[in-house]
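Subject: Handing over the structure

Hi there,

Here is the structure I promised to pass on to you. Please have it open while you read the rest of this email.

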Amino acid sequence: MKTTLKILTLSTLLAFGSVSHAEQAQKPAMGEGMGMEHEMGGMDPAKMAEHLKEKQEQMLMMHDLSNKILAEKDPQKQQALKDQQLELMKAHHMKMMSMHHGKHMEHKKMQ
């Protein structure tokens, strides 16, 4: 069971990482659209700590739901947990997209 959880967790992290990497690879090389690492490097330490705490909380919620999904034997309850996890993923994705879009718009205004 723990091996299955580790594989699920690792594959989820790899999927998110490859999506992030693909987004960064599509960005122009010259100035426009810096990668997340560069943006975080310029971030004030308090804001970065807050961002990382939010990311940690997101990860913990996802892991908790994954554990509950894997442990649940009732297919209907398991599906409800999967739906809950999917909604959490959607909300996180929309938040990240709005943050990315806001930074992109700020960059355009500065030009």
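Below are some notes on what was found in it.

First, some background: this is a predicted model, in which local features need pLDDT of at least 70 and side-chain atom pairs count only at pLDDT 80 or more, while totals for chains, interfaces and linings use all residues. Residues are numbered from 1 along each chain as its sequence is written, and side-chain values use heavy atoms, with hydrogens and water left out.

**The overall picture**

The protein chain has four helices and zero strands, so from the N terminus on its elements read α-α-α-α (helices are DSSP runs of H or I with at least four residues, strands are runs of E with at least two, and both are numbered from the N terminus). Of the 111 residues, 11% count as buried; here buried means under 20% relative accessible area, exposed means over 50%, and partly exposed is in between, with a 1.4 Å probe and protein chains only. The chain exposes about 8,800 Å², and carbon and sulfur atoms supply 63% of that area (areas come from the Shrake-Rupley method with a 1.4 Å probe, and for residues only the protein chains shown count as cover). Among contacts with a separation of 6 or more, 52% are between residues 24 or more positions apart, where contact means heavy atoms within 4.5 Å.

**Helix H3**

The buried residues in H3 are His51, Gln58, Met62, Leu65, Ser66 and Ile69.

**Where H3 and H4 come together**

Which residues make up the largest nonpolar core? The five are Met62, Leu65, Ile69, Leu81 and Leu88. H3 and H4 each supply at least two residues of this core, and H3 gives the most, with three. A nonpolar core, in this sense, is a set of buried Ala, Val, Leu, Ile, Met, Phe, Trp, Tyr and Cys residues joined through side-chain atoms within 4.5 Å.

Two residues are worth a click here. Leaving aside neighbours within four places in sequence, Leu88 is in contact with Gln58, Met61, Met62 and Leu65. Gln85, placed in helix H4 (residues 75-110), counts as buried at 14% relative accessibility. With neighbours within four places again left aside, Gln85 is in contact with Met62, Leu65, Ser66 and Ile69. Gln85 and His63 are 22 residues apart in sequence, and their C-alpha atoms are 9.5 Å apart in space.

**Salt bridges**

How many salt bridges does the structure hold? There are three, a salt bridge being a side-chain nitrogen of Lys or Arg within 4 Å of a carboxyl oxygen of Asp or Glu.

- Lys95 pairs with Glu54, and their closest N and O atoms are 2.7 Å apart. This pair links distant parts of the chain, with Lys95 in helix H4 and Glu54 in helix H3, 41 residues apart. Lys95 is partly exposed at 39% relative accessible area, and Glu54 is partly exposed at 37%.
- Asp64 pairs with Lys68, the closest N and O atoms being 3.3 Å apart. Because they are four residues apart in helix H3, about one helical turn separates Asp64 and Lys68. Asp64 is partly exposed at 37% relative accessibility, and Lys68 is partly exposed at 42%.
- Glu87 pairs with Lys90, with 3.6 Å between the closest N and O atoms. Both lie in helix H4, three residues apart, which is about one turn of the helix. Glu87 is partly exposed at 46% relative accessible area, and Lys90 is partly exposed at 44%.

Enjoy exploring it!

Best wishes
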